[in-house]
Number of protein chains: 2
Amino acid sequence: KEQPGSTWLLDFEQEVATWTGKEAAMFVPSGTMAQAIVLCCAQDIHLGGDRVPSLPRVRRPFLAHPTSHVLLHENEGHKHLLGIQAIPCGKATQPLTCRDVEAELDASSWGVSQPCAVILEVPHRELGGEMTSLEEVKAMSALVRGRKVKFHMDGARIWEAMPYITRTHGLTSQEFCQFFDSVYVSFYKGLGGMTGAVLAGDKKLIDEARVWLRRFGGNLYTALPYAVSCQHALHEMGGSFESRWDAMAAMVTVVQGVDPEKSRIRFTPETPQTCMVHCHIRGDQHKLEQCRESVAQETSLRLFRTLRPSYAFTPDWFYFEFSLGPENTKVPLEDVEHAWRLFLLAVSGP
Amino acid sequence: KEQPGSTWLLDFEQEVATWTGKEAAMFVPSGTMAQAIVLCCAQDIHLGGDRVPSLPRVRRPFLAHPTSHVLLHENEGHKHLLGIQAIPCGKATQPLTCRDVEAELDASSWGVSQPCAVILEVPHRELGGEMTSLEEVKAMSALVRGRKVKFHMDGARIWEAMPYITRTHGLTSQEFCQFFDSVYVSFYKGLGGMTGAVLAGDKKLIDEARVWLRRFGGNLYTALPYAVSCQHALHEMGGSFESRWDAMAAMVTVVQGVDPEKSRIRFTPETPQTCMVHCHIRGDQHKLEQCRESVAQETSLRLFRTLRPSYAFTPDWFYFEFSLGPENTKVPLEDVEHAWRLFLLAVSGP
């Protein structure tokens with residue numbers, strides 16, 4: 001009798017469900033909440049016919065890449081709020097592999113608290129948008145499901161990844177999402193919606209997720225302002241990622257041409273798989289920043305913002321996230337090349 | 001360095017903090033989340049100098065009235081999500097008293113898991129807006145604090161209650177809120193904001209609450225659409241509750257005059273303390289609804305919507321929530337009286 005949302009919201013949820021090839025979907029105010037709800041549902045211990053179980057006393061842990069959002073940016077909510085342990089899995093500098101997951105699943109005799117889920121970030125944001133290969137995803141899916149563990153996609157940037165998946169492997173979004181039991185997508189990052197996420201999966205999962213949404217305090221009296229903005233962003237920007245990826249690739253090629261020996265400038269991945277990439281620069285941090293400012297004064301192009309110690313190259317290397325949105329795609333490649341040449345000269349100079 | 005919100009949002013939070021007389025306040029997307037965060041903070045077991053502790057393994061329960069929102073309308077989120085038990089306290093048909101709380105605190109030897117908090121709803125929504133008396137609040141506050149238990153106000157409808165508190169006891173909102181360690185207020189119910197809540201308390205509490213907000217996935221990328229709507233609603237409607245209460249009182253007096261023997265129509269509380277009240281009607285449910293419809297046809301006034309079995313009078317009594325907002329306040333009292341006379345005639349007829 002009670003509707004979980006307005007008809008309009010149900011339509012939007014169905015639109016995303018269809019895009020992912022899943023039966024059902026639910027709007028959630030934030031990705032943090034969406035993924036926490038997945039972990040609650042994945043506990044999957046149904047006692048005494050209770051359709052929507054409480055969390056059991058021994059909560060099952062989950063596996064995730066060391067750089068995943070849940071491990072880095074959520075104040076360990078899974079642990080402190082849910083009492084669910086995260087098990088970092090795989091090397092921090094490389095995409096998650098099936099072998100990583102298998103080793104972790106084999107590593108211990110988990111007993112009743114065997115992992116409830118594996119979270120795969122598509123693409124790995126903290127690895128410059130690099131992706132676990134499709135072969136690995138397929139193998140991982142078969143492995144994880146064979147162990148009765150849920151396979152969840154952190155698809156916060158799935159929109160960025162789809163052009164690569166489609167062009168390289170010829171897969172539709174539905175065909176790619178079928179390897180996962182659940183998919184979370186976000187609307188405010190690459191798309192520019194105000195805030196909000198959608199969780200998609202089979203009907204049973206989403207029915208249970210709606211109960212958890214209420215328990216989290218996430219079923220707001222109205223979700224419309226955010227949800228309308230999210231749908232608008234999806235319709236407006238959803239088709240922009242192929243050209244943004246192409247522009248990124250072209251820009252990286254140009255910058256690579258400025259330093260062909262890669263003595264000062266390197267990219268990970270070397271060929272962008274999305275409209276973002278990590279650019280690593282060698283030098284003294286203060287000098288790098290000074291040179292960025294002088295180039296900005298001369299060319300009005302500020303090449304980067306925040307420098308972080310490089311995880312891929314050490315020592316003396318720093319990196320920044322290089323990503324293309326609707327605006328910075330328009331900068332002419334000649335201007336980019338010129339600015340980077342000036343920057344390299346300045347950095348290498350006395 | 002990192003700002004928890006925009007300057008505007010911080011100003012709005014400070015506005016509510018000032019209204020409650022508390023040091024600090026935080027915008028939360030929903031009241032369910034605000035109160036769950038209070039319960040997490042109230043665990044208050046600081047281990048090894050950890051300023052923001054995780055929930056300890058043995059989570060302390062809390063006391064709340066059997067009709068409180070957390071017990072009735074949140075799918076037992078406190079239990080299933082947080083692992084925190086609710087202990088119903090007091091009689092379901094009467095406001096919570098200090099004696100109720102004392103009896104429960106004395107009832108068991110709680111040991112390490114003694115209750116972390118007492119939640120008092122001001123006013124009791126499910127009791128027709130009746131309030132625990134000020135004397136009881138004062139005594140309860142002293143008792144609870146003496147036991148090192150947190151005293152939290154569910155002030156979802158505090159705006160409705162303030163005219164009574166001010167006129168009857170001469171207290172300002174700050175003077176009333178001082179009896180509580182934390183106060184949650186809502187903006188979408190009586191005020192008509194889109195959705196949203198604010199939690200107020202001392203700085204230490206709100207600092208910790210901000211960490212929990214992130215763990216819940218409640219620190220949205222932007223809270224502005226909701227928060228702006230909430231502040232607007234507060235400024236627009238915050239001053240309306242005294243006249244709405246007066247109108248409610250006048251309307252109840254008129255309806256009581258229609259059935260002075262109280263054989264068919266009764267109110268709880270008998271004298272409204274806010275702009276809402278419960279109206280109990282005796283009769284066959286189907287016939288009551290039929291008569292409501294025939295009166296609506298004749299007068300264009302639909303006297304009530306949903307009938308529920310009365311908790312105060314049994315058997316053959318039903319009740320509905322009678323509340324006054326900006327629109328139905330304008331109906332002339334003569335029209336109200338006329339409609340209720342017709343209704344009573346119809347119900348009592350053959």
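Contact here means heavy atoms within 4.5 Å. On that criterion, chain A contributes 33 residues and chain B contributes 33 residues. The model is predicted, so that local features need pLDDT of at least 70 and side-chain atom pairs count only at pLDDT 80 or more, while totals for chains, interfaces and linings use all residues. Residues are numbered from 1 along each chain as its sequence is written, chains are lettered from A in the order in which they are written, and side-chain values use heavy atoms, with hydrogens and water left out.

The buried area, which is the accessible area (1.4 Å probe) lost by two parts on being put together and summed over both, is about 2,800 Å² between chain A and chain B, with carbon and sulfur atoms giving 63% of it. In chain A, the residues that lose the most area to chain B are His80(A), Leu81(A) and Arg215(A), together 25% of what that side buries.

| Salt bridge (side-chain nitrogen of Lys or Arg within 4 Å of a carboxyl oxygen of Asp or Glu) | zero salt bridges |

Among helices (DSSP runs of H or I, at least four residues), H9(A) gives the largest share of the side of chain A that touches chain B, five residues. Leu224(A), Pro225(A) and Tyr226(A) in H10(A) meet Leu224(B), Pro225(B) and Tyr226(B) in H10(B).

Definitions and conventions
Helices (H or I, at least four residues) and strands (E, at least two) are DSSP runs, numbered from the N terminus.
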